[in-house]
Amino acid sequence: MQAGKNKIIIANWKMNPLTSKEAEKLFQHIIKSVSLVKRTAIVICPPSLYLAKLRKFSRKILLGAQDAFWGEGGPFTGEISGEMVYNIGGRYVILGHSERRAGGETNGEVNKKIKASLTAGLRPILCVGETMRDANHSYFNSVKNQLAECLDGVKKDLIHKVVIAYEPVWAISSTPNRHDATPADSLEMTIFIRKIISDKFGAEASKIRIVYGGSVSEKDAGDFFKNGGVDGLLAGKASLDAKKFIEIIKICEASSR
Ligand code: PEP
């Protein structure tokens, strides 16, 4: 990891919890344990309708959305813009998550959302990752395409705001017949991603944080920091369990010493 970059732990709560009361309880539980955290940026991405409530409880924990549309406003039924997320207190936004890509979201759409989110002042967390691995290693090409198309036209002076989340779909907890990715898998891909972004953005690319996501737990977080070449982790399922999530934050914090 480059000196000067804080590590980052991101929670993707997905479509959980079911009530705002439960969301507050989970958030408050996490807040209690983060007072001693100094070197780790903590970002929680709840369902967007909880953002307004949760923003009141902590300045230390940053909030993010799980998607934001590219339109500035107008006839886009059901959508929320980056500007709206920013105005309600969000500072990050997950874009191109595999669960959205599975619903038909394209690299071109993710690209429009990234540019609009940056204009709105948000930091995009761009998710990339192959659905499966093959003996010919063509999964490298699919990640390369995702990066090329999603980051097309993003200005060099804004690229440091982007976080890239390498999330192999085959390792995500909700994928049927999933299996674990190893820190070695992560290391190999983060080196590859760094090469692609430095070819595209030059020295500015060294400021981009690359995180790993896919069934991360408090049991393997340390190994990913030690051997996975990452600047942080993105947790889904484990982030809904306050104890596990806090443990992951502590492991991150200890790895920065
Ligand atoms: C995710 O889907 O972004 C994710 C990291 O989920 P999980 O940790 O549950 O695999």
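A nonpolar core is a set of buried Ala, Val, Leu, Ile, Met, Phe, Trp, Tyr and Cys residues joined through side-chain atoms within 4.5 Å; buried means under 20% relative accessible area, exposed over 50%, and partly exposed in between (1.4 Å probe, protein chains only). This is a predicted model, where local features need pLDDT of at least 70, side-chain atom pairs count only at pLDDT 80 or more, and totals for chains, interfaces and linings use all residues. Residues are numbered from 1 along each chain as its sequence is written, and side-chain values use heavy atoms, leaving out hydrogens and water.

**Exercise 1.** Find the residues with the most contacts inside the largest nonpolar core.

*Solution.* Start with the core itself: it has 66 residues. Next, pick out those with the most contacts inside it: I30, I44, L151, I164, I193 and L233. Then see which element gives the largest share: α9, with seven residues. (Helices, H or I, have at least four residues and strands, E, at least two; both are DSSP runs numbered from the N terminus.)

**Exercise 2.** Work out where H137 and N177 lie, and what their phi values are.

*Solution.* H137 is in the loop between β5 (123-128) and α6 (139-150), and its phi is positive, near 60°. N177 belongs to the loop between β6 (163-166) and α7 (183-201); its phi is positive too, about 55°.
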